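Please open the structure in your viewer, with the sequence panel beside it, and keep a selection tool at hand. The stops below can be followed in order.

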Amino acid sequence: MALDILKQYLTEKGYDSKVYDKFVTYYNLLIEWNNKFNLTSITDEKDVQIKHFIDSLLPNDCLKDVKYICDIGCGAGFPSIPLAILNEDKNFTLVDSVNKKITFIDCVIDALQLKNISAIHSRAEDFAQFNFQKYDACVARALAQLPTLAEYTLPLLKKNGILIAYKGKNYLEEINQSQKIIKLLSSQILDVREYDLTADEKRFAIIIKKIGDCSKKYPRKGNKPRTQPILG
């Protein structure tokens, strides 16, 4: 398996062949398991390299000052497994409500011998009850619109913790819809970083900072963050 695009990207960033080899193993497991379970609709070799691996790694520099990171709705492990491969000194907790995805992630953890990842089968609302204001950072990619995403993740952050929300070209609309819930959860938008994913496609990372304590009643139970998002 060549993964030439990813190999060039990692080489330019100064990573050695051991890092690249882990991504090759991850890719092979992803394709193998996807033949049995629907983990991802993106399976083309080029697309996986760009739209899964490199896309996950774009905001890596945002994590330089954090230690404990949570990925809510981790799916098949994006963005946290690629980030964990590059950051052995950081601890990642991956959470998903679909058990087969957690089983897959456990397989990847074993195959890659990743000692800085734990995978948990749980709904976001339930997980937050026992992990309130515990993490230095949250990352989330393709989970939900920002108002819902903010309610799921911001209660998990310590004061001065950050949420890194991966978004596409409609990020400004999502920001406008999220002002109320972000303020309600004692947070504020710190930055929006723009990256070139390809020559024709940009990726945006919305950085939200927790500036104080929030109520433990969030996220609301009963799937309300999704079905009744707090907008405005």
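What follows is a tour of a predicted model, from its aromatic rings to one helix and then to some backbone details in loops.

**Aromatic rings**

Begin by selecting Phe 23, Tyr 26, Trp 33, Phe 37, Phe 53, Phe 78 and Phe 104, which together form one aromatic cluster. The count of aromatic pairs in the model comes to nine. One of these is the pair of Trp 33 and Phe 37, which is tilted, with 5.9 Å from centre to centre and 40° between the planes. Colour the two residues by accessibility: Trp 33, at 12% relative accessibility, counts as buried because the limit for that term is under 20%, whereas Phe 37, at 33%, counts as partly exposed.

Then move to Tyr 20, where Lys 7 lies over the face of the ring, at 5.2 Å from its centre.

**Helix H3**

Now select residues 45-57, which make up helix H3. With 13 residues at 1.5 Å a residue, H3 should span 18 Å, and the 17 Å between its end C-alpha atoms agrees with this.

Which residues of H3 are buried? They are Val 48, Gln 49, Ile 50, His 52, Phe 53, Ile 54, Asp 55, Ser 56 and Leu 57, and Phe 53 also belongs to the aromatic cluster visited above. To see what covers these buried residues, display among others helix H1 (4-12), helix H2 (17-34) and helix H4 (80-86), together with strands E4 (135-141), E5 (157-167) and E7 (202-210).

**Backbone details in loops**

Most residues other than glycine have a negative phi, and most peptide bonds are trans. With that in mind, select Phe 78 and Pro 79, where the peptide bond is cis with omega near 10°; Pro 79 lies in the loop between strand E1 (68-72) and H4. Another cis peptide bond joins Tyr 218 and Pro 219, with omega about -5°, and Pro 219 lies in the loop between E7 and helix H9 (224-227).

Next, go to Ala 142, which has a positive phi of about 60° and sits in the loop between E4 and helix H7 (146-153). At 76% relative accessibility, Ala 142 counts as exposed. Finish at Ser 186, whose phi is also positive, near 55°, in the loop between helix H8 (171-184) and strand E6 (187-196).

How values were computed:
Residues are numbered from 1 along each chain as its sequence is written. This is a predicted model: local features need pLDDT of at least 70, side-chain atom pairs count only at pLDDT 80 or more; totals for chains, interfaces and linings use all residues. Side-chain values use heavy atoms; hydrogens and water are left out. Rings of Phe, Tyr and Trp (its six-membered ring) pair if their centres lie within 6.5 Å; planes under 30 degrees apart count as stacked, over 60 as edge-to-face and the rest as tilted. Buried means under 20% relative accessible area, exposed over 50%, partly exposed in between (1.4 Å probe, protein chains only). A charge sits over a ring if NZ of Lys or CZ of Arg is within 6 Å of the ring centre and within 35 degrees of the ring normal. Helices (H or I, at least four residues) and strands (E, at least two) are DSSP runs, numbered from the N terminus. The expected span of a helix is 1.5 Å times one less than its number of residues. Contact means heavy atoms within 4.5 Å.
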